Amino acid sequence: MGIAAGMDEFSASARMNHYELGRHTPDYQTLKRIAKILRLPVAYFYAETDDLAKFIVLFSRLKKPLRETLLEELNQSILFGGDK
């Protein structure tokens with residue numbers, strides 16, 4: 001995957017290993033390339049909870065009209081008592 005993300009073939013495996021273990025953090029451009037390979041939105045990698053990460057993935061896969069409808073529904077729910 002590291003090579004596909006544009007890393008040097010001799011260091012790609014080690015770099016990816018460091019990212020996976022949390023020893024280093026990829027810069028934003030590298031993270032964008034990794035996200036593209038994995039077909040995930042970059043925001044997925046910044047989610048603080050598993051639920052939020054799942055929501056980001058599912059939301060990103062919706063067609064635009066459905067995303068807009070969902071956002072409106074969520075907004076209405078929160079504005080009019082969705083926190084009960």
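**Surface, pocket and pairs**

Modeller: Start with the surface: Met1, Tyr28, Ile37, Leu38, Tyr44, Phe45 and Tyr46 make a nonpolar patch of about 650 Å². A patch takes residues with over 30% relative accessible area and no salt bridge, joining like charges within 9 Å and nonpolar side chains (Val, Leu, Ile, Met, Phe, Trp, Tyr) within 5 Å. Areas come from the Shrake-Rupley method with a 1.4 Å probe; for residues, only the protein chains shown count as cover.

Colleague: What should I know about the model itself?
Modeller: It is predicted, so local features need pLDDT of at least 70 and side-chain atom pairs 80 or more, while totals for chains, interfaces and linings use all residues. Residues are numbered from 1 along each chain as its sequence is written, and side-chain values use heavy atoms, without hydrogens and water.

Colleague: New topic. What volume does the largest pocket have?
Modeller: About 280 Å³. A pocket is an open set of points on a 1 Å grid over the protein atoms alone, where a 1.4 Å probe fits, with protein on both sides within 12 Å along at least five of seven lines. The volume is the space filled by probe spheres set on the points, which are joined across faces, edges and corners.

Colleague: Which residues lie nearest its centre?
Modeller: Tyr19, Glu20, Pro26, Leu31 and Phe45, out of 13 lining residues. Lining residues have an atom within 4 Å of a point. Helix 1 (12-21) and helix 2 (28-38) are the elements that give two or more residues to this lining.

Colleague: How many salt bridges are there?
Modeller: One in the whole structure. Lys64 and Glu68 form it through their side chains, at 3.9 Å, N to O. The cut-off is a side-chain nitrogen of Lys or Arg within 4 Å of a carboxyl oxygen of Asp or Glu.

Colleague: How are Lys64 and Glu68 placed in helix 4?
Modeller: They are four residues apart in helix 4 (residues 64-79), so about one helical turn separates them. Glu68 is partly exposed, at 45% relative accessibility.

Colleague: What about the phi of Arg39?
Modeller: It is near 55°, a positive value in a residue other than glycine. Most residues other than glycine have a negative phi. Arg39 sits in the loop between helix 2 and helix 3 (50-61). Arg39 is exposed, at 71% relative accessibility.

Key: Buried < 20%, exposed > 50% of the residue type's maximum accessible area, 1.4 Å probe, protein only.
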